[in-house]
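Hi,

Here is the structure I promised to pass on to you. Have a look at it first, and then read on for my notes.

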Amino acid sequence: MLDRLEMIETRYKELNEKLLDVRIVNDRAQYTQIMKEHRSLEKTVEVFQKYKSVLASITDLKEMTKEKDPEIAEMAEMELEENKELAEKLEEELKILLLPKDENDEKNVFVEIKGAAGGDEANIFAADLFRMYSKYAEIKGWKIEVTNAVETGLGGLASIDFIVSGESVYSFLKYESGSHRVQRVPATEAQGRIHTSTATVLAMPEADDIDIQLDLNDVRIDVFNSSGPGGQSVNTTKSAVRATHIPTGIIVSCQDGKSQHENKATALKVLQTRLYDKILQERLEKEGQERISKVGHGDRSEKIRTYNYPQNRVTDHRIGFTIQQLDRVMEGKLEPVIEALIQEDQKRALSGKPA
């Protein structure tokens, strides 16, 4: 492990020098790639340097415990134990940091939420999920940009598409894809009976030109009037944009920008992301059984979480995690759930065994 960490530290120093090279700074693609690698190594190098410093302290303190002065020896013994405990913690942290990285962890995320089974209640739940993720993004200091939304009555959303940008967004939101189930008494229920409804969430890493090149000759652009609740037209100018990727049939609509030009740029960015996601999903299918060792099975119809309002309970079915804090979770306090998923993923990766 130490040899590998020394190699990482050497590579990190090389990258530092490259980032000062004017030729690289002026080459946007190369500079972006080097910065990406630099960021991915930064935390590991930081912890490794701290680990080495603690090991050096342990060596010095061992010598101090041999001092003839009993007070100095006793103090050194106490500090030695503290440093040994710290060294163990840092070693465990380094083991986790050395696990194979998801190549998309540092990326922004394109999220799509759709009301599924349950009619109006499913659409209301889709809107609740969007609010939950918006609050979570606010807590994390991320930015949300809505690209397309289809509103329904009672404050519901048949679907909403949005981009979440910030630091390492995908590393947190990659666990959210799947079917989310809600159990509660709907606002539309006159008899007070508990209903079960579902909404689907799809979280995709935002693609860039390094990931995939989008050939504009393969894209058909159509423009139309933006629409509001129930499909009614909300303006008389054709500012909304629909981008169709002819070879795959993937269609992206964007109408929430201020202009047709802005909507077209966003639609193309989202289309590029959907194409990249298609490639990633095909790769996962080829990996087959390897996927089982990770949290979830990669099946986008998989029921991943239940939100039970009467019991104030959230349960993530993939890892058997339950928390009696639904009210806090719906206000964006998703950290305990996400943290449990990350820890389980790391645990499975460290054991090297399928769960």
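Below is what I found in it, going from the whole chain to single residues.

Please keep in mind that this is a predicted model. The protein chain has 355 residues, of which 41% count as buried. Nine helices and eleven strands make up its secondary structure elements, and the C-alpha atoms fill a box of roughly 90 × 60 × 40 Å along the principal axes.

**The core**

The largest nonpolar core holds 38 residues. V111, I113, L129, Y133, L173 and Y307 have the most contacts inside it. Two or more residues come from each of β1 (109-115), α5 (119-140), β3 (157-165), α6 (169-173), β5 (195-205), α8 (326-329) and α9 (335-351). The biggest contribution is from α5, with nine residues.

**Salt bridges**

I count 20 salt bridges in the model.

- E9 and K52 meet through their side chains at 2.8 Å, N to O. E9 sits in helix α1 and K52 in helix α3 (residues 28-64), so this pair ties together parts that are 43 residues apart in sequence. E9 is buried, at 7% relative accessibility, whereas K52 is partly exposed, at 30%.
- E93 and K43 form a salt bridge at 3.9 Å, N to O. This pair also links distant parts of the chain, with E93 in helix α4 and K43 in helix α3, 50 residues apart. Both ends are partly exposed: E93 has a relative accessibility of 29% and K43 one of 41%.
- R318 and D316 are joined at 2.7 Å, N to O, and both residues are buried. Salt bridges with shared partners connect E176, R305, D316 and R318 into one network.

H317 lies in the loop between β10 (313-316) and β11 (321-323). H317 is partly exposed, with a relative accessible area of 33%. Its C-alpha is 5.7 Å from that of R305, twelve residues away in sequence.

**On the surface**

Which residues gather in a patch of negative charge on the surface? They are E77, E79, E81, E82, E85 and E88. E82 belongs to helix α4 (residues 70-97). Why does E82 count as exposed? Its relative accessibility is 53%, and the cut-off for exposed is over 50%.

D21 is partly exposed, at 22% relative accessibility. Its C-alpha is 9.6 Å from that of Y31, ten residues apart along the chain.

Best wishes

Technical notes. Residues numbered from 1 in each chain as written. Predicted model: local features only at pLDDT ≥ 70, side-chain atom pairs only at ≥ 80, totals over all residues. Heavy atoms only, no water. Patch = residues over 30% accessible without salt bridge, like charges linked within 9 Å, V, L, I, M, F, W, Y side chains within 5 Å. Areas by Shrake-Rupley, 256 points an atom, 1.4 Å probe, with all protein chains shown as cover. Salt bridge = Lys/Arg side-chain N within 4 Å of Asp/Glu carboxyl O. Lys, Arg positive; Asp, Glu negative; His and termini not counted. Charge placed at Lys NZ, Arg CZ, Asp CG, Glu CD. Helix = DSSP H or I, 4+ residues; strand = E, 2+ residues; numbered from the N terminus. Buried < 20%, exposed > 50% of the residue type's maximum accessible area, 1.4 Å probe, protein only. Core = buried A, V, L, I, M, F, W, Y, C linked by side-chain atoms within 4.5 Å.
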